[in-house]
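Here are a few exercises to work through with the model open beside you. Try each task before reading its solution.

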Amino acid sequence: MTKLFYVGLGGFLGSVLRYLVSLAVDSGPDPRLMPWATIIVNVAGCLAIGLLAGWSEGRGVLGDGLALFVMVGLLGGFTTFSAFGLQTAELVRGGYAGLAALNVAAQVVPGLVAVWLGFSAGRMI
């Protein structure tokens with residue numbers, strides 16, 4: 001039950017942070033045409049999880065509770081892959097296939113690069 005609490009609390013905080021980012025970022029041009037807040041949280045979340053994974057590898061510094069809280073709960077609630085999927089599908093349905101492809105490229109490629117960079121940096125700390 002304690003593990004569920006860690007994940008739930010982290011998920012709550014991550015979701016609130018994601019919402020605050022969307023309020024700050026999506027107040028500009030029409031966010032339906034390019035979901036910048038989703039891109040930002042997904043890439044930042046990928047960087048953070050890579051950094052934590054690289055930093056903690058072999059060090060044993062993250063106990064089970066903290067790892068669940070941060071990596072599953074907080075970052076799981078913060079990142080928005082399901083929102084990414086829906087927004088990409090809506091772009092295609094709206095006749096914006098080119099923007100949909102750009103959205104995929106703008107999130108998947110930098111996200112993978114961010115995980116790699118974060119992991120590498122985390123191993124050096």
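## Exercise 1: The overall fold

Task: Which pattern does the protein chain follow when read along the sequence?

Solution: The pattern is α-α-α-α-α. Keep in mind that this is a predicted model. Next, look at the extent: the C-alpha atoms fill a box of roughly 50 × 30 × 20 Å along the principal axes. Then turn to contacts between residues at least 6 apart in sequence, where 76% join residues at least 24 apart. Finally, consider the surface. Of the 125 residues, 26% are buried, and the accessible surface comes to about 7,400 Å², with 74% of that area belonging to carbon and sulfur atoms.

## Exercise 2: The setting of N42

Task: Find N42 and decide whether N42 is buried or exposed.

Solution: Start with the location, which is helix α2, spanning residues 36-56. The relative accessibility of N42 is 7%. Buried means under 20% relative accessible area, so N42 counts as buried. Leaving out residues up to four places away in sequence, N42 touches T79, T80, F81, F84 and Q107.

## Exercise 3: Aromatic pairs

Task: How many aromatic pairs can you find, counting ring centres within 6.5 Å?

Solution: The count comes to 2 aromatic pairs. One of them joins F5 and Y6, with 6.3 Å centre to centre and 55° between the planes, a tilted arrangement. F81 and F84 also form a tilted pair, at 4.9 Å centre to centre and 40° between the planes. To place F81 and F84, note that both sit in helix α4 (residues 81-93); because they are 3 residues apart there, about one helical turn separates them. Check their accessibility too: F81 is exposed, at 59% relative accessible area, whereas F84 is buried, at 7%.

## Exercise 4: A nonpolar patch

Task: Which residues make the nonpolar surface patch of about 930 Å²?

Solution: The patch is made by F5, Y6, L9, F12, L13, V16, L17, Y19, L20 and L23. Take Y19 as a landmark: this residue is found in helix α1, residues 2-25. Then inspect Y6, another patch member. Its relative accessibility is 32%, so Y6 counts as partly exposed. Patch residues need over 30% relative accessible area, a condition to compare with the 32% of Y6.

Technical notes
Residues are numbered from 1 along each chain as its sequence is written. This is a predicted model: local features need pLDDT of at least 70, side-chain atom pairs count only at pLDDT 80 or more; totals for chains, interfaces and linings use all residues. Side-chain values use heavy atoms; hydrogens and water are left out. Helices (H or I, at least four residues) and strands (E, at least two) are DSSP runs, numbered from the N terminus. Buried means under 20% relative accessible area, exposed over 50%, partly exposed in between (1.4 Å probe, protein chains only). Contact means heavy atoms within 4.5 Å. Patches are made of residues with over 30% relative accessible area and no salt bridge: like charges are joined within 9 Å, nonpolar side chains (Val, Leu, Ile, Met, Phe, Trp, Tyr) within 5 Å. Accessible areas come from the Shrake-Rupley method with a 1.4 Å probe; for residues, only the protein chains shown count as cover. A salt bridge is a side-chain nitrogen of Lys or Arg within 4 Å of a carboxyl oxygen of Asp or Glu. Rings of Phe, Tyr and Trp (its six-membered ring) pair if their centres lie within 6.5 Å; planes under 30 degrees apart count as stacked, over 60 as edge-to-face and the rest as tilted.
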